[in-house]
Amino acid sequence: MTIPAATRAQAQDLLDFIDASPSPWHAVQTCAARLETAGFSQLDEAERWALKAGDRRYVVRGGSSIIAFIVGSQPAATNGLRMIGAHTDSPGLRLKPKPAEDTAGMVRLGVEVYGGPILATFADRDLSLAGRVNVRVAGGFEPRLVRFDQPLLRLPNLAIHMNREVNENGLKFNKQTELPLLLGISEDGTKAEARFRQPIAAALGVDPGNLLTWELNAYDTQKGAFWGVDREFVANSQLDNLASCHAALSALLATGEPAATCLCAFFDHEEVGSESTTGAGGSFVADVVGRLAASAGLDSEDQRRMLAQSFFISADMAHGWHPNFPAAYEPCHHALVNAGPVIKSNANQRYSTSAETAARFMAICEKAGVPCQQYAHRTDLGCGSTIGPIVAARLGIPSVDVGSPMWAMHSIRESAGVLDHGHMIAALTTAFAD
Ligand code: CO
């Protein structure tokens with residue numbers, strides 16, 4: 001398989017993007033930095049907005065969700081919006097508010113399970129901490145991002161000699177008692193709490209007593225990699241769904257002066273149901289769309305005309321067919337890795353795709369010169385969902401759910417295709433111009 005140099009570079013850029021983004025807060029910071037470099041400037045939700053054609057702006061809510069847009073040159077009432085959504089969060093382990101405990105001289109950090117990770121994949125990885133900490137400052141507090149590059153934490157397996165059936169029964173953890181992460185040995189006179197606070201305080205250059213609260217996740221310090229005989233696959237954490245964020249952001253950055261307003265919305269909390277101030281089920285996207293319309297002077301009649309002519313692409317990863325587990329897949333709907341973007345359909349509206357919006361995305365792929373595939377889950381298995389149906393229902397915009405095929409969704413080390421990522425960027429770039 002030959003990988004064009006430009007496609008290789010896009011995939012390398014994806015790996016760099018993920019390696020720079022070990023938490024949703026870092027993902028938003030990475031997006032904002034790339035947007036700033038490309039001439040986008042930040043809007044504050046607390047200020048009045050004045051927008052004009054050609055403006056390139058972005059807005060952040062809660063530090064972990066971001067919406068970026070280019071204001072179109074043509075009237076929104078007759079051209080609508082071109083929108084792409086994705087999510088910044090990934091399933092994993094989050095530290096509790098008071099995580100440190102001393103167990104027989106070992107310092108362990110208690111975690112909550114965030115979303116639906118494959119817990120067994122977190123064992124024996126070189127884990128560390130990344131996220132956001134609120135620090136006491138004169139007159140109040142301020143949020144700071146923190147990440148540790150060196151492995152601070154580990155979840156060692158139990159030796160097979162004490163877990164003889166592990167290969168027959170699978171690796172199982174009791175979430176309360178068997179998931180706490182090992183941080184170190186407690187020293188005489190130093191409480192577990194102090195052992196936990198000290199490295200974070202040192203990294204932030206503050207007094208340990210000034211660390212107020214935190215949102216920290218365990219992340220895998222191993223960098224992304226190409227694999228396969230032609231290096232035609234990528235492996236990394238968080239491909240679901242930072243690969244879609246990267247593809248959509250790349251498409252927006254490749255867009256010059258569009259006729260219709262083009263918008264990317266990347267939400268936190270998809271993995272836990274999206275119902276939050278920053279999630280797709282919250283008001284963020286409706287607020288931004290409403291303010292875009294108000295700024296263009298649209299009355300409520302014209303706002304509805306705008307929405308009726310808009311299109312929303314919900315980009316989230318799809319299940320690539322796994323040759324070792326053929327029985328897990330719907331036989332007529334194999335989505336093959338490196339065979340192009342996948343349109344996801346579900347009659348029960350777990351995906352927002354309709355026959356009409358699927359056809360529209362097919363036409364976009366055709367125009368972009370990329371192949372596309374169709375996926376349906378096995379009828380006897382429960383189907384996952386994503387932000388597509390939520391945003392479609394909130395805004396009343398025709399919507400399609402698409403994604404690149406991948407393996408090992410919700411593992412800490414996921415895999416996907418190099419060609420697919422290039423195809424997805426091409427399709428989304430074409431969608432912005434459609
Ligand atoms: Co996802």
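This briefing describes a metal site, nonpolar cores, aromatic and charge–ring pairs, and the surroundings of selected residues. The structure is a predicted model. A cobalt ion is held by protein donors from His87, Asp240 and Asp316. The largest nonpolar core has 55 residues, and a search of the whole structure finds four aromatic pairs.

**Cobalt site**

- The angles among the four donor atoms run from 53 to 142 degrees, and the site is classed as irregular. A tetrahedral assignment would require all angles to lie between 85 and 135 degrees.
- Along the chain, the donors follow the spacing H-x152-D-x75-D. Histidine 87, in strand β4 (residues 81-87), and aspartate 240, in helix α6 (residues 239-253), are 153 residues apart, and the pair thus links distant parts of the chain.
- Histidine 87 counts as buried because its relative accessibility is 0%, and aspartate 240 is likewise buried, with a relative accessible area of 2%.

**Nonpolar cores**

- Within the largest nonpolar core, of 55 residues, Leu252, Phe266 and Ile313 touch the most other members. Helix α6 gives the most to this core, contributing nine residues.
- Apart from residues up to four places away in sequence, isoleucine 313 touches Met83, Ile84, Gly85, Phe361, Val400, Val402, Leu428 and Ala431.

**Aromatic pairs**

- Four aromatic pairs are found in a search of the whole structure. One of them joins phenylalanine 196 and tryptophan 214, whose ring centres are 5.1 Å apart; this pair is edge-to-face because the planes stand at 75 degrees.
- Phenylalanine 196 belongs to helix α5 (residues 192-204) and tryptophan 214 to strand β10 (residues 211-220), so their pairing ties together parts that are 18 residues apart in sequence.
- Phenylalanine 196 counts as buried at 1% relative accessibility, and tryptophan 214 counts as buried at 10%.
- An edge-to-face pair is also formed by phenylalanine 233 and tryptophan 407, with 5.2 Å centre to centre and 65 degrees between the planes.
- Because phenylalanine 233 lies in strand β12 (residues 233-236) and tryptophan 407 in strand β19 (residues 405-407), this pair ties together parts that are 174 residues apart in sequence.
- Phenylalanine 233 and tryptophan 407 are both buried. Ring pairs link these two residues and Trp227 into a cluster.

**Arginines over ring faces**

- Arginine 291 lies over the face of tryptophan 49, at 4.0 Å from the ring centre.
- Arginine 360 is placed over the face of phenylalanine 311, at 4.1 Å from the centre of that ring.

**Selected loop and helix positions**

- Serine 21 is located in the loop between α1 (5-19) and α2 (24-37), and it counts as buried at 0% relative accessibility.
- Not counting residues up to four places away in sequence, serine 21 touches His26, Ala27, Thr30, Arg147, Gln238 and Leu242. The C-alpha atoms of serine 21 and arginine 154 are 20 Å apart in space, and the two residues are 133 residues apart in sequence.
- Serine 274 lies in the loop between β13 (261-267) and α7, and it counts as buried at 1% relative accessibility.
- Beyond its neighbours within four places in sequence, serine 274 is in contact with His269, Gly279, Ala280, Gly281, Gly282, Ile387 and Ile390.
- Glutamine 150 is in the loop between β8 (140-147) and α4 (166-169), and it is partly exposed, with a relative accessible area of 42%.
- Glutamine 150 touches Ser128 and Thr221, leaving aside residues up to four places away in sequence. Its C-alpha atom is separated by 9.2 Å from that of leucine 129, 21 residues apart along the chain.
- Alanine 286 lies in helix α7 (residues 284-295), where it counts as partly exposed at 35% relative accessibility. Alanine 286 and phenylalanine 40 are 246 residues apart along the chain, with their C-alpha atoms separated by 21 Å.

Notes:
Residues are numbered from 1 along each chain as its sequence is written. This is a predicted model: local features need pLDDT of at least 70, side-chain atom pairs count only at pLDDT 80 or more; totals for chains, interfaces and linings use all residues. Side-chain values use heavy atoms; hydrogens and water are left out. Donors are N, O and S atoms within 2.8 Å of the metal (3.2 Å for Na, K and Ca); water is not among the atoms, so sites may look incomplete. Four donors count as tetrahedral if all angles lie between 85 and 135 degrees; four count as square planar and six as octahedral if opposite donors are over 155 degrees apart and all others between 65 and 115; anything else is irregular. Helices (H or I, at least four residues) and strands (E, at least two) are DSSP runs, numbered from the N terminus. Buried means under 20% relative accessible area, exposed over 50%, partly exposed in between (1.4 Å probe, protein chains only). A nonpolar core is a set of buried Ala, Val, Leu, Ile, Met, Phe, Trp, Tyr and Cys residues joined through side-chain atoms within 4.5 Å. Contact means heavy atoms within 4.5 Å. Rings of Phe, Tyr and Trp (its six-membered ring) pair if their centres lie within 6.5 Å; planes under 30 degrees apart count as stacked, over 60 as edge-to-face and the rest as tilted. A charge sits over a ring if NZ of Lys or CZ of Arg is within 6 Å of the ring centre and within 35 degrees of the ring normal.
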